[in-house]
Amino acid sequence: MALSTTWSRVLAWRLRRQFVDPASGPDVVSVVRRLAGVQAQVASSAELAVAVRRADPRPGEVGEALWLDRTLVKTWTARGTLHLVPSDELSSYAAVLGSFRNWEKGSWQRGHGVTADEVAAILGAVPKALAGHVLTREELVESVIEVTGDEHLRQALTSGWGALLKPLSYLGELCYGPPREGRVTFVSPRDWVPGHSSAPPSRDEGGIRLVRSFLGAHGPGTPETFNTWLYRNVAPKAVLRGWFRDLAPELAEVEVDGHPMVVLAEHLDDLMTTEPATGVHLLPGFDQYILGAPRDLEPLLPAQAKSKVSRAAGWISPVVVHQGRVTGVWQVKDGVIDLDLLEEVPAAALAREVERVAALLR
């Protein structure tokens with residue numbers, strides 16, 4: 001029989017698991033690993049997401065992990081968005097995301113103004129162009145055109161937000177390299193990532209690893225909540241059920257306010273003994289605490305907060321969290337944190353948190 005718990009307990013457990021309450025992340029890579037990746041299309045938000053979870057953060061430590069130690073990789077992964085992921089987990093994402101192959105659909109090709117033959121040409125040319133090289137986007141486009149002899153690809157490759165490069169990242173053929181004079185660069189993971197294997201795990205092996213990682217940060221969960229987090233319900237349902245079925249020996253069933261879910265069995269006792277959260281926290285835009293949960297999770301995101309948090313063009317605002325719930329949003333105006341609270345929170349705790357986060361922003 002499944003044990004019963006409440007969302008207030010689950011959210012408190014997530015805050016602790018995600019190194020928010022308390023801020024106890026031992027190092028940058030450990031934080032990113034625990035969060036199952038950090039969304040990074042806004043680099044400053046990603047850096048702050050790590051810093052607020054560290055007891056003793058250092059300026060520039062994310063950049064060091066990316067460009068010097070190469071223990072983190074920046075590339076397109078979950079939900080087709082830029083993420084920081086541990087370098088040794090890149091192959092699992094490639095095994096799973098590369099299996100969806102949405103770029104082979106006619107609707108995808110028409111939407112991006114390319115033909116099936118042109119997509120195939122890009123997929124074949126980019127790995128050749130990147131082999132042994134660090135290229136800016138402009139240099140990569142020129143190399144692809146030189147390899148394919150297809151000038152028409154220039155417009156497709158230079159428009160939008162890298163849509164035609166995303167399939168290469170899903171296949172494990174491309175990731176970000178170190179910035180050059182303010183411009184992004186791309187590299188081949190085979191050249192860039194220490195110990196990177198050209199033989200990734202199978203789709204099912206990778207899927208099980210990602211489910212385990214997701215539940216470790218955002219559990220309890222269901223196949224549906226995982227599928228939404230991974231790629232907006234793209235994973236075939238039969239495949240998804242297979243991953244959860246194969247992981248079943250490591251899972252425990254729980255009911256969260258009457259909703260059946262699963263959690264990693266090793267975390268069950270910790271979850272069931274967690275006390276509801278009382279702290280106040282400022283989290284940056286696109287924070288995993290918000291992104292790892294369903295948008296309709298009222299105990300986390302009250303109805304009156306939705307329009308302020310989840311905004312146009314997929315923008316997720318920085319949030320104020322009290323007792324595990326979103327109680328407001330914030331932004332920086334003229335170098336000062338400006339709060340927009342939806343309900344009262346303890347003034348002293350809020351002031352301490354504002355002071356802490358302000359110091360991280362300097």
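**View A. Helix 12 meets helix 14.** In this close-up, the axes of helix 12 (residues 203-218) and helix 14 (residues 237-247) come within 9 Å and cross at roughly 70 degrees. Please keep in mind that the whole model is predicted. Angles from 65 to 115 degrees count as roughly perpendicular, and helix 12 and helix 14 are therefore described that way. The crossing of helix 12 past helix 14 is right-handed.

**View B. The residues where helix 12 and helix 14 touch.** From helix 12 come Arg203, Asp204, Gly207, Ile208, Val211 and Arg212, and they meet Val239, Trp243, Phe244, Asp246 and Leu247 of helix 14. Sorted by class, this contact holds 6 nonpolar, 1 polar and 4 charged residues.

**View C. An open sheet with strand order 1-8-9.** Here you can follow 3 strands that build an open sheet with mixed pairing. Strand 1 (3-5) and strand 9 (259-264) are the edge strands, each pairing on one side only. On average, neighbouring strands in this sheet are turned by 40 degrees against each other, direction ignored. Strand 1 pairs with strand 8 (residues 251-256) in the parallel sense, over 3 bridges. To find your way along this pair, look for Thr5, which stands opposite Val256 in strand 8.

**View D. The hairpin of strand 12 and strand 13.** Strand 12 (residues 325-333) and strand 13 (residues 336-341) are paired in the antiparallel sense over 6 bridges. Between the two strands of the hairpin lie 2 residues, and Asp334 in the turn has a positive phi of about 55 degrees.

Notes
Residues are numbered from 1 along each chain as its sequence is written. This is a predicted model: local features need pLDDT of at least 70, side-chain atom pairs count only at pLDDT 80 or more; totals for chains, interfaces and linings use all residues. Side-chain values use heavy atoms; hydrogens and water are left out. Two strands pair if DSSP finds at least two bridges between them. Helices (H or I, at least four residues) and strands (E, at least two) are DSSP runs, numbered from the N terminus. Axes are lines fitted to C-alpha atoms, for helices over the stretch in contact, and angles run from 0 to 180 degrees between N-to-C directions. Angles under 35 degrees count as roughly parallel, over 145 as roughly antiparallel, 65 to 115 as roughly perpendicular and the rest as oblique. A crossing is left-handed if the near helix is turned anticlockwise from the far one by less than a right angle, and right-handed if clockwise. Contact means heavy atoms within 4.5 Å. Ala, Val, Leu, Ile, Met, Phe, Trp, Tyr, Cys and Pro count as nonpolar, Asp, Glu, Lys and Arg as charged, and the others, Gly among them, as polar.
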